[in-house]
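Student: I have a structure to look through today. Could we go over it together, starting with the end of the chain?

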Amino acid sequence: MNSGKKQKTADLLTMCIKAGRVVKGFDSSKEAVEGGKAFAVLTAADASEKTVKEVRFVCGKYDIPVIVTELEKAEIGRLCGKETAVMAICDKGFAGGFQKIADIPQSK
């Protein structure tokens, strides 16, 4: 596991949370994707296969990138106050930052 990548993800997520650009939880994230508000969806490293599959299905319909982070649910909980496996990023700049950290090509 790349601890540098993990720390960068945690730092960017902290900034995103402070800016109020994160939607937490599967159902809320799904609504953000379907409502056109999400630019990326993050999943925890220890999210269940079923959860990741459902996230990929929903995001695939709307061409939203899914980023499986190296952060576990408990670590996300310490950062944002709610232990969750799924978070929607509702800011194009922050979403691009997460894609860059994860080495995922960004859409133009």
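This is a predicted model: local features need pLDDT of at least 70, side-chain atom pairs count only at pLDDT 80 or more; totals for chains, interfaces and linings use all residues.

Student: What is the phi of Asp 103 near?

Tutor: The phi of Asp 103 is near 60°, which is a positive value in a residue other than glycine.

Student: And is Asp 103 buried or exposed?

Tutor: Asp 103 counts as exposed because its relative accessibility is 63%, and the cut-off for exposed is over 50%.

Student: Which other residue has a positive phi although it is not a glycine?

Tutor: Asp 63 is such a residue, with a phi of about 55°. Its place is in the loop between α3 (49–61) and β3 (66–68). With a relative accessible area of 69%, Asp 63 is exposed.

Student: What about a glycine, then? What follows α4?

Tutor: Gly 81 follows α4, and its phi is positive, near 85°.

Student: Staying with α4, which of its residues are buried?

Tutor: Helix α4 covers residues 73–80, and Glu 75, Ile 76, Gly 77 and Cys 80 are buried in it.

Student: What do those buried residues pack against?

Tutor: The buried residues of α4 pack against α1 (3–18), β1 and β4.

Student: β4 has come up now. Which way do its side chains point?

Tutor: Strand β4 spans residues 86–89. Val 86 and Ala 88 point one way, Met 87 and Ile 89 point the other way, and all are buried.

Student: Why do they alternate?

Tutor: In a regular strand the side chains alternate between the two faces of the sheet.

Student: Which strands are joined to β4?

Tutor: Strand β1 (residues 22–24) is joined to β4 by 3 bridges, and the two run antiparallel. Strand β2 (residues 40–43) is joined to β4 by 4 bridges, and this pair also runs antiparallel.

Student: Which residue of β4 is the bridge partner of Val 23?

Tutor: The partner of Val 23 is Ala 88.

Student: New topic: how many helices and strands does the protein have?

Tutor: There are 5 helices and 4 strands. Along the sequence they follow the pattern α-β-α-β-α-β-α-β-α. The radius of gyration is 12 Å, close to the 13 Å that the globule rule gives for 108 residues, so the protein is as compact as a globular protein of that length.

Student: What size of box do the C-alpha atoms fill?

Tutor: Taken along the principal axes, the box is roughly 30 × 30 × 25 Å.

Student: And what share of the residues counts as buried?

Tutor: Of the 108 residues, 42% count as buried. As for contacts between residues at least 6 apart in sequence, 80% of them join residues at least 24 apart.

Student: How many charged side chains are there, positive and negative?

Tutor: The protein has 18 positive and 14 negative side chains, and the centres of the two sets lie 4 Å apart.

Student: Back to α5 for a moment. Is Ile 101 buried or exposed?

Tutor: Ile 101 is found in helix α5 (residues 92–101). It counts as buried because its relative accessibility is 18%, and buried means under 20%.

Student: What does Ile 101 touch?

Tutor: Not counting residues up to four places away in sequence, Ile 101 touches Lys 5, Lys 8, Thr 9 and Leu 12.

Definitions and conventions:
Residues are numbered from 1 along each chain as its sequence is written. Side-chain values use heavy atoms; hydrogens and water are left out. Buried means under 20% relative accessible area, exposed over 50%, partly exposed in between (1.4 Å probe, protein chains only). Two strands pair if DSSP finds at least two bridges between them. The radius of gyration is taken over C-alpha atoms; the globule rule is 2.2 Å times the number of residues to the power 0.38. Contact means heavy atoms within 4.5 Å. Lys and Arg count as positive and Asp and Glu as negative; His and the chain ends are not counted. The place of a charge is taken as NZ of Lys, CZ of Arg, CG of Asp or CD of Glu.
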